[in-house]
Amino acid sequence: MQGTHRAASPKQRVHADADIKTLLQLPSRRMFYNVRWQTGRHLFVHQSMEGTDISLQLPGLVNRMVGLKPSEVPPPLGVKVLSAGTAACIADLVTFPLDTAKVRLQIQGEKAAVGAAKNIRYRGVLGTITTMVRTEGPRSLYNGLVAGLHRQMAFASIRIGFYDNVKQFYTGGKENPGVIIRILAGCTTGAMAVSIAQPTDVVKVRFQAQLNLTGVDRRYSGALRAYRQIFREEGLRGLWKGTLPNITRNALVNCTELVTYDLIKEVILKHKLMTDNLPCHFVSAFGAGFCTTVIASPVDVVKTRYMNSPPGQYTSAISCAWTMLTREGPTAFYKGFVPSFLRLGSWNIVMFVSFEQLKRAMMMSKKKVDVSESVPKREEPL
């Protein structure tokens, strides 16, 4: 079975259809010193002693791009913001029961929680989900979903959608920014998101914490009513309760999540371990989810406890953390770690994969619209 091969000038890349026999039929004066598999369009890469770089394609064995192809033009800010918010909502729909289980485990041990459910004990993420379904029904797993979607459209749109632009702002438009610049950009967009969208997080956490049990009064009956009720009873300070620990948490989460994803993806593409497609996004997102959980879990527990607490229970977030340390010990800061990891790991995978594909889909649609608008319309004959 013969393939085709044509000579190439030094440093010139040549693409040819070939099979393994073609490699063996190359002139003897050429010597392979680098033959490797590559997860792209061309599987074998060969460089001769003369410096000729030849790329050979094996028909039938080529790995095709998984998912949509990257856009040749960088997506504008509007596309990134909309893609980030939509992708985060998709991720929340998939992982919300894990987040609710995490909140229940984190508040376990509080006086209010113990008083409301003296005979209910949560053990592990699956045990918590099973107990909630048995005692409160399946709908309890999605308590606060509406507020959660409000939160993601506000939070993710800002902290993820603005990340690349803020990074470019700090570097003055230069490529390949350092780790410090990426961390600074993550802190900035995380703080911006919390400052604007904190009320949505307060309502979401309180919905997830309340029990749907017979004989137990529910604090809130709907998301919009919850916003009004909190404002009426606690004022603006109630809606922005826990802003400081949430800024701290989101700065950690945003830096770890986005910077880790950014760096892992960059290393994978730099060393050509994968191409810029779904498997690469999956691996990068999984690594980002694990690192984020390890670093942000203690702050997340304090934030959840403080935002869910009734007025007067804690004087500040620092007071809440000190009370947890003295009464329950250091392990209290890692309550709900397993559901946090399951949730953040799966959330990151769904979100980043959706985010990358949505950006590409929107850019393809935008390109089609631009092309159709640029084509001159034919005038109808009179």
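Tutor: On a 1 Å grid over the protein atoms alone, a cavity is a set of points where a 1.4 Å probe fits but cannot get out, and its lining residues have an atom within 4 Å of a point. This is a predicted model, in which local features need pLDDT of at least 70, side-chain atom pairs count only at pLDDT 80 or more, and totals for chains, interfaces and linings use all residues. Residues are numbered from 1 along each chain as its sequence is written, and side-chain values use heavy atoms, with hydrogens and water left out.

Student: What makes Phe155 and Trp347 lining residues of the largest cavity?

Tutor: Lining residues have an atom within 4 Å of a cavity point, so Phe155 and Trp347 are listed, as are Arg151, Arg249 and Arg343, among others. Helix 5 (145–159), helix 9 (243–270) and helix 12 (337–374) each give two or more residues to this lining; helices are DSSP runs of H or I, at least four residues, numbered from the N terminus.

Student: How many residues of each class are in the lining of the largest cavity?

Tutor: There are four nonpolar, two polar and five charged residues. Asp, Glu, Lys and Arg count as charged; Ala, Val, Leu, Ile, Met, Phe, Trp, Tyr, Cys and Pro as nonpolar; the others, Gly among them, as polar.

Student: Which helix gives the most to the lining of the second largest cavity?

Tutor: Helix 10 (278–308) does, with four residues.

Student: Why is the contact of Asp201 and Arg151 called a salt bridge?

Tutor: The term requires a side-chain nitrogen of Lys or Arg within 4 Å of a carboxyl oxygen of Asp or Glu. The N to O distance here is 2.8 Å, so the pair qualifies. Asp201 is in helix 7 (residues 179–209) and Arg151 in helix 5, 50 residues apart.

Student: What makes Glu356 and Lys265 a link between parts of the chain?

Tutor: Their side chains meet in a salt bridge at 2.8 Å, N to O. Glu356 lies in helix 12 and Lys265 in helix 9, so the pair ties together parts 91 residues apart in sequence.

Student: Why is Glu356 called buried?

Tutor: Buried means under 20% relative accessible area, exposed over 50%, and partly exposed in between (1.4 Å probe, protein chains only). Glu356 has 5%, so the term applies.

Note on methods. On a 1 Å grid over the protein atoms alone, a cavity is a set of points where a 1.4 Å probe fits but cannot get out, and a pocket is an open set with protein on both sides within 12 Å along at least five of seven lines; lining residues have an atom within 4 Å of a point.
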